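Please look through the sequence and the model, then read the points below.

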Amino acid sequence: MTARFVTGVVLAAGSSRRLGTAKQLLPYRNTTVLGATLDVVRACAFDQVVVTLGGAAAAIRQQVDLAGLEVAMADDFGAGCSSSLRSALRLVDPRSAGIVLMLGDQPGQSAATIGRLIREGTTAAITVCRYHDGVGHPFWLSRSVFGELTRMHGDKAVWKIIDSGRVTVSRLDVDAPVPLDVDTWDDYERLRAATSP
């Protein structure tokens, strides 16, 4: 365990417009895409975990085990990831030094990578993972940037802060490709193919 109080935040409020069905509930391994992501999260040394729901929230509550997690409802989830993140930040424990931000449609995220980020990346304002083929989640966002995060709007809000040059961004090198996320049916098929025996 880290000596700092760390909150995990999983963004899972999307409406899956490009897929036409809730990507969070697509079958994956012996659970769902979101269920598998939360299995990884539960294997990590978080002091608190917040999951954001919006689109398909009722179905997700019925089909995905959310026990032990705090749920933030993103009522304006159609306005992009920034609204979902603002909903999550309202539930972050006051003791928390910051959040590890993860995507609910990336079940291939590694508990080992998340563990390294918690141990090695939480002294910076922002730490991102630098994979073989680019930068990707999970991200560490310290409490010092929460104010800026709450003022952002639309999609890619966190990326805008990372790319702005206003905040020093540290990088954690990861010996792997960026984890696949599911936005289209082709993405889903690639994810299933990458994890098939």
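A salt bridge here is a side-chain nitrogen of Lys or Arg within 4 Å of a carboxyl oxygen of Asp or Glu. By this rule there are nine salt bridges. The model is predicted, so local features need pLDDT of at least 70 and side-chain atom pairs count only at pLDDT 80 or more, while totals for chains, interfaces and linings use all residues. Residues are numbered from 1 along each chain as its sequence is written, and side-chain values use heavy atoms, with hydrogens and water left out.

**Salt bridges**
- Aspartate 183 and lysine 23 form a salt bridge with their side chains, at 3.0 Å from N to O.
- These two residues are 160 residues apart and link distant parts of the chain.
- Lysine 23 has 14% relative accessibility and counts as buried (under 20% relative accessible area; exposed is over 50%, partly exposed in between; 1.4 Å probe, protein chains only).
- Lys23, Asp105 and Asp183 belong to a network of salt bridges.
- In another salt bridge, the side chains of arginine 166 and glutamate 148 meet at 2.1 Å, N to O.
- Arginine 166 is exposed at 56%, whereas glutamate 148 is buried at 16%.

**Nonpolar core**
- A nonpolar core is a set of buried Ala, Val, Leu, Ile, Met, Phe, Trp, Tyr and Cys residues joined through side-chain atoms within 4.5 Å.
- The largest one has 30 residues, and Leu38, Phe46, Val51, Val100 and Ile114 have the most contacts inside it.
- Leucine 38 touches Val10, Val51 and Leu69, among others (contact means heavy atoms within 4.5 Å), not counting residues up to four places away in sequence.

Definitions and conventions. Helices (H or I, at least four residues) and strands (E, at least two) are DSSP runs, numbered from the N terminus.
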